[in-house]
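Here is a short tour for a first-time reader. Please keep the sequence and the 3D view at hand.

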Amino acid sequence: MTTLELRSILSYGGSIVVNAKDFSSLELRSLAMEAKANNAKLYIKRADALSPLVCKGIAMSGGKGNIIFDFS
């Protein structure tokens, strides 16, 4: 699915699970902002592929409690 399609799902309040390796940091931040705006959850699998700085930026964009990072 494209980022636009996933943002649409988030806009309806649906929570989504994505693989960090499939999206750029900018796309993940965009998804995080959409999750925050609609009180939805964004679950990012394989987050170990992201730098700590990128993770912090995504978390800040998504707001408190809306973003889940899976580092396993």
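Contact here means heavy atoms within 4.5 Å. The model is predicted.

## The sheet

Start with the strands. Three of them form an open sheet in the order β1-β2-β3, and the pairing is parallel. Strands β1 (16-19) and β3 (67-69) sit at the edges, each pairing on one side only. On average, neighbouring strands of this sheet are turned by 20 degrees against each other, direction ignored.

Now look at β2, which spans residues 42-45. Three bridges join β2 to β3, and the two run parallel. Which residue of β3 stands opposite I44? The residue is F69.

## A helix across the strands

Helix α3 covers residues 52-62. This helix lies across β2 and β3. Helix α3 runs at about 155 degrees to β3.

The chain then passes from α3 to β3 through a loop, and N66 is located there. Is N66 buried or exposed? N66 is buried because its relative accessible area is 7%, and buried means under 20%. Leaving aside residues up to four places away in sequence, N66 touches K36, N39, A40, K41 and L42.

## Helices α1 and α2

Helix α1 takes in residues 3-11, and helix α2 takes in residues 25-37. The two pack at an angle of about 15 degrees, with their axes 9 Å apart. Angles under 35 degrees count as roughly parallel, so α1 and α2 are roughly parallel to each other. The crossing of α1 past α2 is right-handed.

Which residues make this contact? From α1 come T3, L6, R7, L10 and S11. From α2 come E27, S30, L31, E34 and A35. Sorted by class, the contact of α1 with α2 has four nonpolar, three polar and three charged residues.

## Helices α2 and α3

Helix α2 also meets α3. Their axes come within 7 Å and cross at roughly 25 degrees. That angle makes α2 roughly parallel to α3. Here too, the crossing is right-handed as α2 passes α3.

On the α2 side, the contact is made by S25, L28, R29, A32, M33 and K36. On the α3 side, V54, G57, I58, S61 and G62 take part. By class, the contact of α2 with α3 has five nonpolar, four polar and two charged residues.

## Loops and positive phi

Most residues other than glycine have a negative phi. N39 has a positive phi of about 50 degrees, although it is not a glycine. This residue lies in the loop between α2 and β2. N39 counts as exposed because its relative accessibility is 64%, and exposed means over 50%.

R46 also has a positive phi, near 55 degrees, in a residue other than glycine. The place of R46 is the loop between β2 and α3. With 40% relative accessibility, R46 counts as partly exposed.

The loop between β2 and α3 also holds A49. A49 is partly exposed, and its relative accessible area is 45%. How far apart in space are A49 and E34, C-alpha to C-alpha? They are 22 Å apart in space and 15 residues apart in sequence.

Methods: Residues are numbered from 1 along each chain as its sequence is written. This is a predicted model: local features need pLDDT of at least 70, side-chain atom pairs count only at pLDDT 80 or more; totals for chains, interfaces and linings use all residues. Side-chain values use heavy atoms; hydrogens and water are left out. Two strands pair if DSSP finds at least two bridges between them. Helices (H or I, at least four residues) and strands (E, at least two) are DSSP runs, numbered from the N terminus. Axes are lines fitted to C-alpha atoms, for helices over the stretch in contact, and angles run from 0 to 180 degrees between N-to-C directions. Buried means under 20% relative accessible area, exposed over 50%, partly exposed in between (1.4 Å probe, protein chains only). Angles under 35 degrees count as roughly parallel, over 145 as roughly antiparallel, 65 to 115 as roughly perpendicular and the rest as oblique. A crossing is left-handed if the near helix is turned anticlockwise from the far one by less than a right angle, and right-handed if clockwise. Ala, Val, Leu, Ile, Met, Phe, Trp, Tyr, Cys and Pro count as nonpolar, Asp, Glu, Lys and Arg as charged, and the others, Gly among them, as polar.
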